[in-house]
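Dear colleague,

Please find the structure below, handed over for your study.

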Amino acid sequence: MEAVSRTAQWTAAARALETERDDRLFADPHARTVADTIGFELLDRYAGAGTVPFLAIRTTYLDRAIVRAVEEHGIRQVVFLAAGMDTRFYRLPWPDGVSVYELDRPALLEAKARMLADEPAPAGRTRVTVPVDLTQDWTGPLKEAGWHSDEPVLWVVEGLLFFLPEHAVRNLISTLASHAAPGSVLLGDVISKAALDNPLSRPFLRCLEEDGNPWLFGTETPERLLTDCGWAVREVRQPGEPGADFGRWPYPVPHRGVPGVPRSFLFTCDLPPAEVRAA
Ligand SMILES: C[S@@+](CC[C@H](N)C(=O)[O-])C[C@H]1O[C@@H](n2cnc3c(N)ncnc32)[C@H](O)[C@@H]1O
């Protein structure tokens, strides 16, 4: 497995810890299996920076937004870009007829298949894994796997964008817009640029870099990034703000106008109306 794919076991370890709390926000019964020992080692190595509460919040925000998007928009195609060790296919209440596509690096998907080999697929839903490099063309393999570009899609881009250079981030988000039929939704997260520069983040960032997974991209203006790349922003939330706290965020949330603050942003976007896109 590539070094960057190990970070999927790190985030799975955090989901396991949340799952094992009495007051859990969600239950991911496979998280401990897919995290394996390495996931917990990385949780110690990358400690600090509010990782564990942040991942509980991110998972909960996206779980709820995913269920809502599928219900409200009648979407039946869900694509997890850089799915990693995500097990939402098994644990969320999907409506019948949903196809869940999991895109990630080939070695990660092979390892995940081995770890979940005995897990029966729940009835009424389909899971398709698509091995790709998301910095190359991935829409071709996704089409071959059964995705229909003329039907609404829910794209989920969770825990990926900071690993990519800016041109690849822009290219990816624009590709998601240009390959989305009306009624499609985009969910995901991105960090602020200050999170890459802040002295307090340095030890954590150095560990990521030493392990071959440097964080490369952040932005103070996620709304602008998403709009520039063809999306209509419905909401952007920082952990600790209403709708993205869930009783887990232990830190103050400085006003967006305060410069130099390391931040994470959770976002929900829609496709703009056709006349806006054509303009
Ligand atoms: C931090 S993990 C996030 C996984 C999952 N979305 C989550 O939130 O737990 C980052 C994931 O990005 C994947 N990844 C990074 N660069 C990639 C690329 N160029 N193509 C495909 N997957 C990539 C890794 O393999 C890894 O699974």
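Two strands pair if DSSP finds at least two bridges between them. Strands (E, at least two residues) and helices (H or I, at least four residues) are DSSP runs, numbered from the N terminus. By way of example, V79 stands opposite Y101 in β2. Strands β1 (residues 77-81) and β2 (residues 98-104) pair in the parallel sense, over 5 bridges.

Please note that this is a predicted model, in which local features need pLDDT of at least 70 and side-chain atom pairs count only at pLDDT 80 or more, while totals for chains, interfaces and linings use all residues. Residues are numbered from 1 along each chain as its sequence is written.

The sheet

The open sheet consists of 7 strands with mixed pairing, in the order β3-β2-β1-β4-β5-β7-β6. Its edge strands, each pairing on one side only, are β3 (125-131) and β6 (232-237). On average, neighbouring strands of this sheet are turned by 20° against each other, direction ignored. Helix α3 (residues 51-73) packs on the sheet and touches β1, β2, β4 (154-157), β5 (185-191), β6 and β7 (264-270). The direction of α3 makes about 165° with that of β5. Here, two residues are in contact if their C-beta atoms, placed from the backbone, lie within 7 Å. Axes are lines fitted to C-alpha atoms, for helices over the stretch in contact, and angles run from 0 to 180 degrees between N-to-C directions.

The helices

α1 and α3 pack at an angle of about 80°, with their axes 9 Å apart. This makes α1 roughly perpendicular to α3, because angles of 65 to 115 degrees count as roughly perpendicular, under 35 as roughly parallel, over 145 as roughly antiparallel and the rest as oblique. On the α1 side the contact includes T11 and A14, and on the α3 side T51 and V52.

The axes of α1 and helix α2 (residues 31-45) come within 6 Å and cross at roughly 105°. α1 and α2 are therefore roughly perpendicular to each other as well. Among the residues that meet are W10 in α1 and F40 in α2.

α3 is followed by G74, whose phi is positive, near 65°.

The ligand

Which residues are the closest to the ligand? They are S5, A8, A82, G84 and G159, among 21 residues that surround the ligand; a residue is near a molecule or strand if its C-beta atom, placed from the backbone, lies within 6 Å of it. Helix α1 (residues 3-19) gives the most to this shell, with 5 residues.
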